[in-house]
Amino acid sequence: MLKLYGGKRSRASIVQWYLEELEVPYEFVLLDMENGEHRQPEFLDINPMGKVPAILDDDFKLWESGAILLYLAEKYEQLPDYLAGRSIMTQWVLFGNSTLATGLFVEASREREAPKLLATLNQIFESHAYLLGNQFTVADVAVGSILAYIPIMLKLDLSSYPAVLAYIQRINERPAFQKTIGQPTA
C-alpha cells in the first residue's frame, strides 16, 4: 500500500486530498516534525532533503508535492494520452507550486504579483468551473489548494475576484477536500 509521509499543517495535505479524490487506498504516516522525525535516517532514506510530503509506493520513493501529484495522475490514468495535454497539466501543477504560491505567500512579492495572478485566474473561472473546463483535474488540486489557503492563512480581500471566490467555494465543497485540507486543525 502507498505510504504518504507528512507533518501537521504541511503540503502533504495536498497529496492526501488528491489520493482521496482518486479513492486510492493509502497509509498516512504523520511525522513529528517538532521532534525531528523528518531528520531520522529512516525518513532520510525516503527523502534525503528531510522534507514532507514524500511517498513510498512499494519500493518507489518520491518527494515534492507537485511531482507526487503528477505521478499519481499518471499512475491512475488521470492525464491526457497526448503530449500537449500532459504538458498543460504539468504547466498548471508547476504554476501552482511555484508562481502562484510564491506570488501569494511570499510577502515581498505579494503586493505586485497577487493582483495580476488573481485577475487572470478570475478571467479563467468566469468561463470555466475548473482550470481546464468543467472537469476537475490534478491541476485543480495544485492550484486550488493554494487558493483555498488564502482565506485560511492570508485573509486577503478577494472581493474583486468573484469568480476566484466561487472557485474556492467549489473546491471547499468537494468531499475529498473537506476530509483533508478542509478539516479544522487541533
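The largest nonpolar core holds 56 residues, and Leu100, Leu104, Leu118, Leu121, Phe125, Leu131 and Leu147 touch the most other members. Such a core is a set of buried Ala, Val, Leu, Ile, Met, Phe, Trp, Tyr and Cys residues joined through side-chain atoms within 4.5 Å. Buried means under 20% relative accessible area, with exposed over 50% and partly exposed in between (1.4 Å probe, protein chains only). Helix α6 gives the largest share, 11 residues; helices are DSSP runs of H or I, at least four residues, numbered from the N terminus. Domain 1 (2–76) and domain 2 (83–179) both contribute, so this core lies between them. The domain bounds come from an automatic or database assignment.

This is a predicted model: local features need pLDDT of at least 70, side-chain atom pairs count only at pLDDT 80 or more, and totals for chains, interfaces and linings use all residues. Residues are numbered from 1 along each chain as its sequence is written, and side-chain values use heavy atoms, without hydrogens and water.

There are eight aromatic pairs. Rings of Phe, Tyr and Trp (its six-membered ring) pair if their centres lie within 6.5 Å; planes under 30 degrees apart are stacked, over 60 edge-to-face, the rest tilted. Two of the pairs are tabulated.

| Pair | Centre to centre | Plane angle | Class |
|---|---|---|---|
| Trp17 and Phe136 | 5.8 Å | 50 degrees | tilted |
| Trp92 and Phe95 | 5.2 Å | 85 degrees | edge-to-face |

Trp17 lies in helix α1 and Phe136 in the loop between α5 and α6, 119 residues apart. Trp17 is buried at 0% relative accessibility, as is Phe136 at 15%. Trp92 and Phe95 are both buried.

How values were computed: Helix = DSSP H or I, 4+ residues; strand = E, 2+ residues; numbered from the N terminus.
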